[in-house]
Amino acid sequence: MSAGEQQSYDYVVVGAGSAGCALAGRLSEDPDVTVALVEAGPPARGRLFEIPALFSQQLKTVYDWDFETEPEEQLGGRRAYLPRGRAIGGTSSMNTMLYVRGHRYDYDTWAELGNKDWSYDDVLPFFKKSEDNQRGGDEFHGVGGPLTVSDPVSVHPLLRSWVEAATNAGHAPNPDFNGAEQEGVGYYQVTQRNGLRCSSAEAFLAPAADRPNLTVLPSTLALRLRFDGSRATGLEVDHLGEVRTIPVTREIVLSLGAYNSPHLLLQSGVGPADELTAGGIQPLHDLPDVGRNMQDHAGCFLSFTSNTPPVLGPDTSMEEEQLRATGASPMAWTEVGGFLRSSEDVPAPDIQVHAALGIVRDQGLAAPLEPGMSFGPYVARPASRGTVRLRHSNPYAKPRIVHNYLAHPDDRMRLREGVRICMRIARESLLTSQLDGDLRTAAAAGLAPVSDRDQDLDDYIRTQSFSFYHPSGTCMMGKVVDHELRVHGLDNVRVADTSIMPTLVTGNTNAPAIMIGERAAAFIRGTSAS
């Protein structure tokens with residue numbers, strides 16, 4: 001279908017990211033309905049999206065929404081860089097591919113807050129439905145689903161040493177962070193298929209490519225929803241400069257992520273009436289919590305140069321050929337880490353640690369010129385809350401984002417303890433024998449705190465912390481949407497992405513976003529996970 005046609009659709013899914021691709025793919029399994037999937041970015045084709053280790057080359061490009069926060073007080077007044085995928089597949093086409101679901105405690109908390117059918121036992125079948133796990137199926141894992149989940153390949157000796165050093169430092173080894181218990185250290189599974197990225201688009205859209213009832217509309221920017229009273233009648237879009245409205249007969253589902261989903265609602269007149277009026281937008285429906293409850297994982301890395309051979313594979317045709325032929329190559333991407341407790345008083349691990357190759361500077365944007373490794377913590381269940389607000393009424397404008405990172409003293413305390421844990425791991429002889437210098441050497445280069453005293457840790461955290469790219473909560477379930485993800489006060493609009501999370505999960509958010517897309521499809525179709 002050409003961009004200029006005025007065809008109507010039963011369902012319009014806005015945003016072809018982790019959740020949106022899963023949702024559109026599942027809805028289109030019913031041949032009796034028509035589905036349009038609208039995405040602002042282009043198709044995600046070619047080696048930049050396929051080869052795992054090239055993900056950083058998408059940052060600050062046309063494939064990146066390239067958001068940033070307003071100046072953040074606890075980050076020393078710095079603006080935090082917020083990358084988001086702007087291509088078919090969304091951030092699942094540019095992330096580091098870690099497959100982490102979160103802790104049982106997270107989902108049981110959602111249910112305890114009054115969100116029916118969102119406990120861990122409720123959501124587990126939908127995680128399993130999506131999954132094709134290389135290890136096989138069991139109580140916690142599925143096989144035969146569209147999303148390939150595999151063990152890491154080409155694990156560098158430094159990363160293996162980190163896992164062993166963390167174990168020597170007293171942390172239990174854990175072979176499966178998505179199994180019976182999350183706590184411990186080990187190797188992250190990844191959404192890779194034969195060594196190449198398996199994005200949500202590759203998983204859910206590629207198999208649906210020949211379905212005549214599914215239309216994917218790339219390079220199509222959503223501007224606002226059109227309403228007749230409380231019923232959405234269409235989506236106004238801009239396709240390469242041509243503005244038109246896509247009519248919808250049944251439902252519109254927003255899957256644009258925690259920044260763009262609330263922003264589209266606000267641009268459409270749905271949100272806090274006083275804010276809309278002040279921004280020059282006529283309120284359609286006063287919904288005060290749109291754009292509130294923003295959460296994200298904030299943390300920092302400690303970095304160490306290494307006397308080992310170069311640790312990141314060169315981007316050469318030989319390395320690429322090896323990856324495509326064998327599924328293993330230095331151009332694959334691997335991370336290790338774990339889930340730890342800042343104290344014995346917490347009900348579940350509240351610190352997540354990532355360890356990866358390369359030196360992290362400037363929020364990960366600086367070129368990794370020196371060989372080495374970085375590892376560090378973030379606060380897994382933050383108490384701090386931020387907002388997404390209108391910048392002005394122009395729908396092409398980016399929203400005004402205030403995360404309030406580490407504003408709550410509990411978050412600062414937990415991150416402080418997480419850094420201490422990582423400093424203790426860094427002192428293990430198994431690592432020091434492979435690293436150039438010690439913590440003092442790293443501190444002199446600005447890559448580690450000068451000591452583990454509170455003030456020194458706080459100084460380091462303030463200057464070095466940044467987003468770990470897991471925004472959520474801004475269309476909170478229970479406040480903005482109901483337990484079936486329907487927007488309160490509207491007849492036929494849902495939200496299905498991480499913005500519906502009442503509280504942030506303990507872990508990366510790609511797998512939970514896909515699960516949310518699966519759940520939305522089941523709610524709409526009236527089906528189960530089986």
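The backbone nitrogen of R453 and a polar atom of the S451 side chain are separated by 3.1 Å.

The structure is a predicted model, in which local features need pLDDT of at least 70 and side-chain atom pairs count only at pLDDT 80 or more, while totals for chains, interfaces and linings use all residues. Residues are numbered from 1 along each chain as its sequence is written, and side-chain values use heavy atoms, with hydrogens and water left out.

**Overall architecture**

The protein chain contains 14 helices and 24 strands. Helices (H or I, at least four residues) and strands (E, at least two) are DSSP runs numbered from the N terminus. The chain has a radius of gyration of 22 Å, close to the 24 Å from the globule rule for 530 residues, so it is as compact as a globular protein of that length. This radius is taken over C-alpha atoms, and the globule rule is 2.2 Å times the number of residues to the power 0.38. The C-alpha trace spans about 65 × 50 × 45 Å along its principal axes.

Of the 530 residues, 61% count as buried. Buried means under 20% relative accessible area, exposed over 50%, and partly exposed in between, with a 1.4 Å probe and protein chains only. Among contacts (heavy atoms within 4.5 Å) with a separation of 6 or more, 70% join residues 24 or more positions apart.

Two packed helices are described by the angle between their axes and the distance between the axes. Axes are lines fitted to C-alpha atoms, for helices over the stretch in contact, and angles run from 0 to 180 degrees between N-to-C directions. Angles under 35 degrees count as roughly parallel, over 145 as roughly antiparallel, 65 to 115 as roughly perpendicular and the rest as oblique.

Helix α3 (residues 104-112) packs on α4 with the axes 8 Å apart, at an angle of about 120°. The arrangement of α3 relative to α4 is therefore oblique. From α3, R104, Y107 and D108 meet Y120, D121, V123 and F127 of α4. This contact of α3 with α4 has four nonpolar, no polar and three charged residues. In this classification Ala, Val, Leu, Ile, Met, Phe, Trp, Tyr, Cys and Pro are nonpolar, Asp, Glu, Lys and Arg are charged, and the others, Gly among them, are polar.

Helices α4 (residues 120-130) and α14 (residues 510-525) have axes that come within 9 Å and cross at roughly 100°. These two helices, α4 and α14, are therefore roughly perpendicular to each other. On the α4 side the contact is made by D122, V123, F126, F127, K129 and S130, and on the α14 side by A511, P512, I514, M515, E518, R519 and A522. By class, the α4 contact with α14 has eight nonpolar, one polar and four charged residues.

**Loop residues**

| Residue | Relative accessible area | Class |
|---|---|---|
| S451 | 17% | buried |
| V290 | 0% | buried |
| D289 | 29% | partly exposed |
| M97 | 0% | buried |
| N194 | 65% | exposed |

S451 belongs to the loop between α12 (439-444) and α13 (454-464). Not counting residues up to four places away in sequence, S451 touches M423, D456 and L457.

V290 lies in the loop between β15 (285-286) and β16 (298-299), and D289 is found in the loop between β15 and β16 as well. With residues up to four places away in sequence not counted, V290 touches P262, L265, L266, V270, G271, P272, T474 and V480. Under the exclusion of neighbours within four places, D289 is in contact with T474, K479 and V480.

Most residues other than glycine have a negative phi. M97, in the loop between β4 (81-82) and α3, has a positive phi near 70°. For N194, placed in the loop between β8 (192-193) and β9 (196-197), phi is also positive, near 55°.

Conventions
Polar contact = N/O pair within 3.5 Å; in protein donor to acceptor, adjacent residues only side chain to side chain.
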